[in-house]
Amino acid sequence: MKNLLLSLFLLYFAGSATASFNTSSSDIPVNRQLSKVGFMPKSDLNRVAFYKAMESNNQTLVDAQISELNLASSNLKNAFLGAMIMKRAGIGGNPLYKLWLFKKGHELLEEAIKNDPGNTEFRFLRLMIQENAPGFLGYNDNEEKDSEFIRNAYKSLPPNLQKTISDYNKISKVLKLQSA
C-alpha cells in the first residue's frame, strides 16, 4: 500500500505542481523595483526569478532559486524557501526523497505563516501549492480561507503582487478574483 501511494505521488505530482502564470520581467532587481512601490522593506529576494521558477517545471531554475534562497538573509526567506522546496518535490526524482522535500517545505512555509499570519503573499504561496498538490498529501485545508484572505487584501497590495496574483487567478479554480 505504501509503495502504491508513493507511485501515485510520483505519477500525479510530477507535473501537477506547476502554477503556470505570467510574470513580467525587468532588468531592475525585484527588491529595488518593489521597494519603490512600498511592497516590502528592502529584501534580498528576487521575486521575478522566484515566480518564474514557480511557474516552470525546470529543475535547474528551481534548484537555482533554492540555492539563492538558502543564502538569503531576509525574514521572508522561510516562506519562499518552503514554497520552492515543495515545488521541487513535484519535479521528479526518488518518491521518498520527493515526499521528504514536500514535508520540509511544508514545515518552513507553515512556520512562516504562523509567525506572520497577515502576510498576503505567504498565503498566496500556500494557496498555489495547496491547489496544485495531490489530494492524498492532505495539504489543501486552507484553500478557501487563503482565497478569501487574498481576495479581501487584493486591492491594498502593491501593483507587482497584484499582477502576479491576477495572472495566477486565470488558471486558479479556487482564487476567483472578481477584479482580475
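In this predicted model, helix α3 touches helix α5 through R47, F50, Y51, A53 and M54, which meet F80, A83, M84 and K87 on the α5 side. Sorted by class, this contact has 7 nonpolar, no polar and 2 charged residues. The axes of α3 (residues 47-55) and α5 lie 10 Å apart and form an angle of about 25°, which makes α3 roughly parallel to α5, since angles under 35 degrees count as such. The crossing in which α3 passes α5 is left-handed.

Helix α5 (residues 77-89) also packs against helix α7 (residues 120-132), with axes that come within 10 Å and cross at roughly 10°, and these two helices are therefore roughly parallel to each other as well. Here A79, F80, A83, M86 and K87 in α5 meet E121, F122, L125 and I129 in α7, and by class the contact has 7 nonpolar, no polar and 2 charged residues.

| Pair | Centre to centre | Angle between planes | Arrangement |
|---|---|---|---|
| F50 and F80 | 4.8 Å | 80° | edge-to-face |
| Y51 and F124 | 6.1 Å | 45° | tilted |

Because F50 lies in α3 and F80 in α5, their pair ties together parts that are 30 residues apart in sequence, and both F50 and F80 are buried. The pair of Y51 in α3 and F124 in α7 links parts of the chain 73 residues apart. Y51 counts as buried at 3% relative accessibility, and F124 is buried with a relative accessible area of 0%. Ring pairs link F50, Y51, F80, F122, F124 and Y168 into a cluster.

Note on methods
Residues are numbered from 1 along each chain as its sequence is written. This is a predicted model: local features need pLDDT of at least 70, side-chain atom pairs count only at pLDDT 80 or more; totals for chains, interfaces and linings use all residues. Side-chain values use heavy atoms; hydrogens and water are left out. Axes are lines fitted to C-alpha atoms, for helices over the stretch in contact, and angles run from 0 to 180 degrees between N-to-C directions. Helices (H or I, at least four residues) and strands (E, at least two) are DSSP runs, numbered from the N terminus. Angles under 35 degrees count as roughly parallel, over 145 as roughly antiparallel, 65 to 115 as roughly perpendicular and the rest as oblique. Contact means heavy atoms within 4.5 Å. Ala, Val, Leu, Ile, Met, Phe, Trp, Tyr, Cys and Pro count as nonpolar, Asp, Glu, Lys and Arg as charged, and the others, Gly among them, as polar. A crossing is left-handed if the near helix is turned anticlockwise from the far one by less than a right angle, and right-handed if clockwise. Rings of Phe, Tyr and Trp (its six-membered ring) pair if their centres lie within 6.5 Å; planes under 30 degrees apart count as stacked, over 60 as edge-to-face and the rest as tilted. Buried means under 20% relative accessible area, exposed over 50%, partly exposed in between (1.4 Å probe, protein chains only).
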